[in-house]
Amino acid sequence: MERAFLRLLRTSAIRASRSSRARVLQPAVVKGSQQGVRHYISIADGTLSGAEPRSIRFSSSRPIWEGCRGFASEAGPGEVVVPFMGDSVPDGNLAAILKQAGDSVDMDEVIAQIETDKVTIDVRSPFAGTIEQIVANVGDTVTPGTKVAIVKEGVSSGKSTAPKKQEATPPPPPPPVAAKTTPAAPPPPPAKPATPPPPPPRASGAGPSEPQLPPKGGERRVPMTRLRKRVATRLKDSQNTFALLTTFNEIDMTNLMDLRAQYKDAFLEKHGVKLGFMSGFVKAAVSALHQLPAVNAVIDGDDIIYRDYVDISIAVGTEKGLVVPVIRGADKMNFAEIEKTINILGKKANSGTISIDDMAGGTFTISNGGVYGSLISTPIINPPQSAILGMHSIQKRPVVIGKEIVARPMMYVALTYDHRLIDGREAVLFLRAIKDAVEDPRRLLLDI
């Protein structure tokens with residue numbers, strides 16, 4: 001029912017955009033059975049047929065407005081076009097085409113994928129039917145509204161072929177060179193020039209530090225993805241812009257590990273998510289940011305912007321590159337809400353379904369290199385933030401407790417900060433606040 005409603009919206013928009021008569025916007029009344037509320041939706045470029053608002057009930061938990069923002073008014077009959085990709089994403093590269101001409105396709109089925117410098121975006125068919133033609137190629141730079149395929153509308157047979165990624169067609173081999181006949185009288189050799197010819201001009205973009213070396217055995221040249229290039233640019237800009245400085249400390253993880261071991265089963269049973277260490281560090285970071293607001297601030301020109309809210313970015317390494325989803329309103333969340341949000345964002349990041357909105361903003365970043373075995377590192381600030389906390393692996397080391405030397409699970413932590421805004425005193429006190437909260441989690445409950 002939901003898909004039928006979305007198709008009605010798109011079809012109505014197409015018809016209205018081609019009509020020269022005046023457009024009258026009619027509200028669509030939708031009753032969500034789960035929330036018991038009404039949503040009123042109007043189409044920016046078209047009308048809904050019928051004088052009375054339509055009332056539709058469905059049980060899907062998917063937001064009703066998903067998929068409504070598109071380019072229906074620009075698309076012709078059966079055309080599948082690149083969707084809106086975000087205000088900050090003007091274009092992308094067509095990374096894969098998952099269908100071929102003649103394949104059956106269902107409504108809302110993914111037929112292609114676009115790689116931007118932030119996320120991978122799916123191109124879905126708004127119709128069910130058979131693909132008549134693929135009008136774009138892998139590697140093309142596309143913008144919202146670019147045609148990708150043409151679908152002959154009709155009921156899908158459900159016998160779609162297995163998705164196949166379209167690969168770039170290799171260039172045809174050069175034609176064979178015809179054998180030359182030996183002339184009866186060879187011409188005399190040309191005279192040697194007085195001066196050697198000048199070297200060929202250097203290819204555009206190739207500098208002395210970027211030689212284009214010929215490939216050797218066991219080597220292969222692969223172009224960087226847009227996401228990788230974006231990450232490289234941002235990290236280099238961070239180095240060039242900020243006055244980066246890193247301070248270190250170590251944390252005794254005994255109490256937090258005991259707390260987790262004691263309550264993990266009850267926590268999982270009640271909240272449906274595992275209790276990890278990240279929620280403890282997020283809560284500790286929130287407390288420390290409230291104590292030292294400069295770490296949560298940012299420089300904007302000649303001004304300093306102090307934020308009274310805390311949105312924590314969590315660095316997640318994926319196969320396609322580093323993404324940094326945001327836990328919004330982390331200062332208003334409890335342990336369970338933080339763990340659930342981290343779980344949802346982590347799954348979306350690893351499956352490639354994370355959106356630009358999931359990564360926009362953020363006032364402070366936490367990076368956990370310990371999951372890969374890192375003992376100590378100096379993390380780089382995630383612009384335009386002013387600081388980043390680096391977590392590392394937990395190892396048992398001898399420490400002095402009282403007058404005794406005992407083995408304790410210890411973790412090195414690092415805070416890289418913008419020294420233009422944050423003084424060394426504030427950075428050290430911030431990291432000390434993190435250490436105190438993690439080593440004694442009761443402080444988080446008492447807000448001290």
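Helices here are DSSP runs of H or I with at least four residues, numbered from the N terminus. The model is predicted. By that numbering, Glu439 and Lys435 both belong to helix H7, four residues apart, or about one turn of the helix. The two form a salt bridge whose closest N and O atoms are 2.8 Å apart. Lys435 is buried, because its relative accessibility is 12%, under the 20% limit.

Helix H7 holds another such pair: Asp436 and Arg432 also sit four residues apart, and their salt bridge has its closest N and O atoms at 3.3 Å. Both residues are partly exposed, Asp436 with a relative accessible area of 23% and Arg432 with 43%.

H7 (residues 424–439) also packs against helix H4 (residues 278–291), the axes coming within 9 Å and crossing at roughly 135°. The two helices are therefore oblique to each other, and their crossing is right-handed. H4 contributes Phe281, Ala284, Ala285, Ala288, Leu289 and Gln291 to the contact, and H7 contributes Phe430, Ala433, Ile434, Ala437 and Val438. By class, these are 10 nonpolar residues, one polar and no charged.

H4 has a further partner in helix H5 (residues 335–351), at an angle of about 115° and with the axes 9 Å apart. This crossing is right-handed. Met278, Ser279, Gly280, Val282 and Lys283 of H4 meet Phe335, Ile338, Glu339 and Ile342 of H5. The contact has five nonpolar, two polar and two charged residues.

The whole structure has 10 salt bridges. One of them joins Glu250 in strand S12 to Arg397 in strand S21, 147 residues apart, with 3.2 Å between the closest N and O atoms. Glu250 is partly exposed at 29% relative accessibility, whereas Arg397 is buried at 15%.

Methods: Residues numbered from 1 in each chain as written. Predicted model: local features only at pLDDT ≥ 70, side-chain atom pairs only at ≥ 80, totals over all residues. Heavy atoms only, no water. Axes fitted to C-alpha atoms, helices over the stretch in contact; angles between N-to-C directions. Parallel < 35°, antiparallel > 145°, perpendicular 65-115°, else oblique. Left-handed = near helix turned anticlockwise from the far one by under 90°. Contact = heavy atoms within 4.5 Å. Nonpolar A, V, L, I, M, F, W, Y, C, P; charged D, E, K, R; others polar. Salt bridge = Lys/Arg side-chain N within 4 Å of Asp/Glu carboxyl O. Buried < 20%, exposed > 50% of the residue type's maximum accessible area, 1.4 Å probe, protein only.
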